[in-house]
Amino acid sequence: MLVETGPKGLRLSAIDEIAQGCGLVIGERLTDARAKVPHVASAVHDTQADISALLKLARWAERWSPWVALDPPDGLMLDITGIAHLFRGERAMLKDIKASFKKLRLTVTPGLAGTQEAARALARFTPQTPIAPDGSEREALKPLPVEALGLDSETCHTLHRLGLKTIGQLYDIPRSSLARRFRKADAGAIVARLDQALGLADHPLDPLTTPPVFAVRHTLLEPLISNEGIETIIDSLSEALCIRLQDAVHGATQITCK
């Protein structure tokens with residue numbers, strides 16, 4: 001198990017299945033853990049090494065998507081929009097991801113949804129491999145605890161004191177009521193996380209690698225006055241674009257013409 005310095009001494013920051021079986025829990029003081037299991041082995045948690053390892057995993061995970069971002073301390077976010085069919089569908093893709101991580105002797109719990117906040121919540125707070133199709137995030141998140149929104153512990157504690165323990169209980173709370181019960185910043189954070197999880201507010205993924213831009217153009221000496229001329233140029237540009245994509249071993253799911 002790993003330990004890190006806390007307000008009252010060393011506390012457990014990571015444990016394995018054997019330690020769990022002995023009744024140890026993350027956040028417990030090391031002295032209390034040793035009272036339960038006297039000969040327990042421990043090492044100081046190197047958080048920087050964890051981030052470095054997570055970054056390597058993110059680069060490795062680009063085999064499934066070019067849009068991969070870190071979700072510290074122990075998560076990865078992949079945007080698989082328009083990609084799942086290359087892996088025989090979403091369920092087959094998640095199965096492949098789990099099998100590939102298993103070969104590295106790592107346990108992964110994936111989640112899939114139309115928003116990254118919903119996917120993160122489902123992955124971290126549901127026992128099976130959850131898939132929430134687009135538009136079903138509201139129902140899928142309803143029974144999950146408010147902690148699944150990624151709020152800080154103090155905000156979650158206050159929500160619990162108010163009797164708001166699940167995400168579904170937040171759906172019908174007026175924004176003005178939240179503002180009265182929390183500081184403006186805290187109320188704003190709750191609303192923002194909820195809206196992002198439900199797809200009511202944009203929160204684009206910030207990938208490690210910016211996807212390449214493939215563009216072709218045709219310069220005209222005179223304005224076009226017929227649809228046939230436009231179609232001829234588009235055909236020519238499409239062929240040139242396909243050659244560039246093929247040379248780079250890339251594909252396109254959307255093309256913009258202007």
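Buried means under 20% relative accessible area, exposed means over 50%, and partly exposed lies in between (1.4 Å probe, protein chains only). This is a predicted model, in which local features need pLDDT of at least 70 and side-chain atom pairs count only at pLDDT 80 or more, while totals for chains, interfaces and linings use all residues. Residues are numbered from 1 along each chain as its sequence is written, and side-chain values use heavy atoms, with hydrogens and water left out.

**Exercise 1. Classify the two partners of the Glu28–Lys36 salt bridge by accessibility.**

Solution. 
- Step 1: apply the contact criterion. A salt bridge is a side-chain nitrogen of Lys or Arg within 4 Å of a carboxyl oxygen of Asp or Glu.
- Step 2: check the pair. The N to O distance between Glu28 and Lys36 is 2.7 Å.
- Step 3: take Glu28. Its relative accessible area is 10%, so Glu28 is buried.
- Step 4: take Lys36. Its value is 45%, so Lys36 is partly exposed.

**Exercise 2. Which parts of the chain does the Asp71–Arg120 salt bridge tie together?**

Solution. 
- Step 1: The closest N and O atoms of Asp71 and Arg120 are 2.9 Å apart.
- Step 2: place the residues. Asp71 lies in strand E4 (residues 68–71) and Arg120 in helix H5 (residues 116–125), so the bridge ties together parts that are 49 residues apart in sequence. Helices (H or I, at least four residues) and strands (E, at least two) are DSSP runs, numbered from the N terminus.
- Step 3: Asp71 is buried at 10%, whereas Arg120 is partly exposed at 21%.
- Step 4: widen the view. Asp71, Asp74, Arg120 and Arg124 are linked in a network of salt bridges. The structure holds six salt bridges.

**Exercise 3. Locate the cis peptide bond and give its omega.**

Solution. 
- Step 1: the cis bond joins Pro72 and Pro73, with omega about 5°.
- Step 2: Pro73 sits in the loop between E4 and strand E5 (75–78).

**Exercise 4. Describe the backbone and surroundings of Arg88 and Arg105.**

Solution. 
- Step 1: phi of Arg88 is positive, near 70°, in a residue other than glycine. Arg88 lies in the loop between E5 and helix H4 (90–103).
- Step 2: phi of Arg105 is also positive, near 65°. Arg105 lies in the loop between H4 and H5.
- Step 3: Arg88 is exposed at 71%, and Arg105 is exposed at 80%.

**Exercise 5. What is the strand order of the open three-stranded sheet, and which strands stand at its edges?**

Solution. 
- Step 1: the order is E2-E1-E3, with mixed pairing. Two strands pair if DSSP finds at least two bridges between them.
- Step 2: strand E2 (9–14) and strand E3 (43–44) are the edges. Each has a single partner strand, so one side of each is left without a neighbour in the sheet.
- Step 3: strand E1 (residues 2–6) and E2 pair in the antiparallel sense over five bridges. Thr5 has Leu10 in E2 as its bridge partner.
- Step 4: Strands of a sheet pair through backbone hydrogen bonds, either parallel or antiparallel.
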